[in-house]
Amino acid sequence: MKPLLTVDHVAKSFTAPDGRITPVIADISLELAAGEFISVVGPSGAGKSTLFHLLAEQTSPTAGAVTFHGERRAGQPFSAYMPQKDLLLPWLSVQDNAGIGLELSGMRRRDARRRIAELLPTFRLEGRATALPFELSGGMRQRVALLRTVVQNRPVLLLDEPFGALDYLTRTELQLWLSQLCARDGLSVVLITHDVPEALLLSDRVYVLSNRPATVRHVLEQQAPRPRDLSFLETAEFRHNERLLLDELTASTREGLAA
Ligand SMILES: Nc1ncnc2c1ncn2[C@@H]1O[C@H](COP(=O)(O)OP(=O)(O)O)[C@@H](O)[C@H]1O
Ligand SMILES: [Mg+2]
């Protein structure tokens, strides 16, 4: 069977008004099967968010193709995208922030609220339906943004550094929670992260990008079953892979500094 999502030799460059061309992605290929969790790691400015804009169909590749079950899907979004910055609207309650994607796709607010209410316990937001964002902790805000993305029920979830701004403990708790949720519900996820242990804890496969213009410099397959818990951090597989990813990433960064 064709993978759910295929990125086939995609390139992306931007043309400035004066005609100057900035290549951001040189050549990226990746695959996501149904129920898989993959991560993309790479230096800052490598083009990771740009890759997500392509996967979210907000922009088109300059070369190559993004296909869904082997086909280009026009007009029917296949992914739900959680952007890098948590964009909760400060004047909307938890339930309405979480339901905004449903409302934008045509659901009535009443129905969106009902759907959100069913999911609040899973996202550890029980009793907080009418709270405003300023009343929430950072971890809760990220869970609202995740809920908003998951509830859209699209085949592919795109998470752009969802835990980057959180403290270590909150981040670890959310990683373990997300790991269980994704395994339980068989979610198909692409995660962008800077955090090597996070990528290893959560993923079936990790793609390491080079500096801009991005290419895939390494693909790491992981064997341990998911969901994984903290004991995974003590395994030989984790230690070996952590070292390998750090070596690849520091090599990317060094090459960037030398360029
Ligand atoms: N619309 C655009 N026009 C021109 N350059 C862009 C545009 N969007 C992104 N870039 C360039 O692409 C580079 C990579 O950006 P981004 O994908 O956000 O990197 P990352 O998420 O890996 O940090 C940035 O340095 C920026 O200069
Ligand atoms: Mg980014």
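1. Shell around ligand 1. In this predicted model, helix H1 gives the largest share of the shell around ligand 1, with three residues. The shell is made up of Phe14, Thr22, Val24, Gly42, Ser44, Gly45, Ala46, Gly47, Lys48, Ser49, Thr50 and Arg212. Two elements give two or more residues to this shell: strand S2 (21-32) and helix H1 (48-55). Sorted by class, the residues around ligand 1 are three nonpolar, seven polar and two charged.

2. Arg212 and its neighbour. Arg212 belongs to the shell around ligand 1, and a cis peptide bond joins Arg212 to Pro213, with omega about -5 degrees. Pro213 sits in the loop between strand S8 (205-209) and strand S9 (214-221).

3. Pro227 is placed in the loop between S9 and helix H8 (236-258). Most peptide bonds are trans, and most residues other than glycine have a negative phi.

4. Glu57. Glu57 has a phi near 60 degrees, which is a positive value in a residue other than glycine. Its loop runs between H1 and strand S4 (63-68). H1 is also the helix with the largest share of the shell around ligand 1.

5. Overall fold and size. How many helices and strands does the chain have? There are eight helices and nine strands. The radius of gyration of the chain is 19 Å, close to the 18 Å that the globule rule gives for 259 residues, so the chain is as compact as a globular protein of that length. Taken along the principal axes, the box filled by the C-alpha atoms is roughly 50 × 50 × 40 Å.

6. Domains. The chain is divided into domain 1, covering 5-78 + 155-258, and domain 2, covering 87-153. The centres of domain 1 and domain 2, taken over C-alpha atoms, are separated by 25 Å.

7. Contact between the domains. On the domain 1 side, nine residues are in contact with seven residues of domain 2. Which element gives the largest share of the domain 1 side? H6 does, with four residues. The side of domain 1 that touches domain 2 has seven nonpolar residues, one polar and one charged.

8. Helices H5 and H6. Two packed helices are described by the angle between their axes and the distance between the axes. For helix H5 (residues 138-150) and helix H6 (residues 168-185), the axes come within 10 Å and cross at roughly 35 degrees. The crossing of H5 past H6 is right-handed. H5 contributes Gly138, Gly139 and Gln142 to the contact, while H6 contributes Thr170, Glu173 and Leu174. By class, this contact of H5 with H6 has one nonpolar, four polar and one charged residues. The domain 1 side of the domain contact, to which H6 gives four residues, has seven nonpolar residues.

Note on methods
Residues are numbered from 1 along each chain as its sequence is written. Chains are lettered from A and ligands numbered from 1 in the order in which they are written. This is a predicted model: local features need pLDDT of at least 70, side-chain atom pairs count only at pLDDT 80 or more; totals for chains, interfaces and linings use all residues. Axes are lines fitted to C-alpha atoms, for helices over the stretch in contact, and angles run from 0 to 180 degrees between N-to-C directions. A crossing is left-handed if the near helix is turned anticlockwise from the far one by less than a right angle, and right-handed if clockwise. Two residues are in contact if their C-beta atoms, placed from the backbone, lie within 7 Å. Ala, Val, Leu, Ile, Met, Phe, Trp, Tyr, Cys and Pro count as nonpolar, Asp, Glu, Lys and Arg as charged, and the others, Gly among them, as polar. A residue is near a molecule or strand if its C-beta atom, placed from the backbone, lies within 6 Å of it. Domain bounds come from an automatic or database domain assignment. The radius of gyration is taken over C-alpha atoms; the globule rule is 2.2 Å times the number of residues to the power 0.38.
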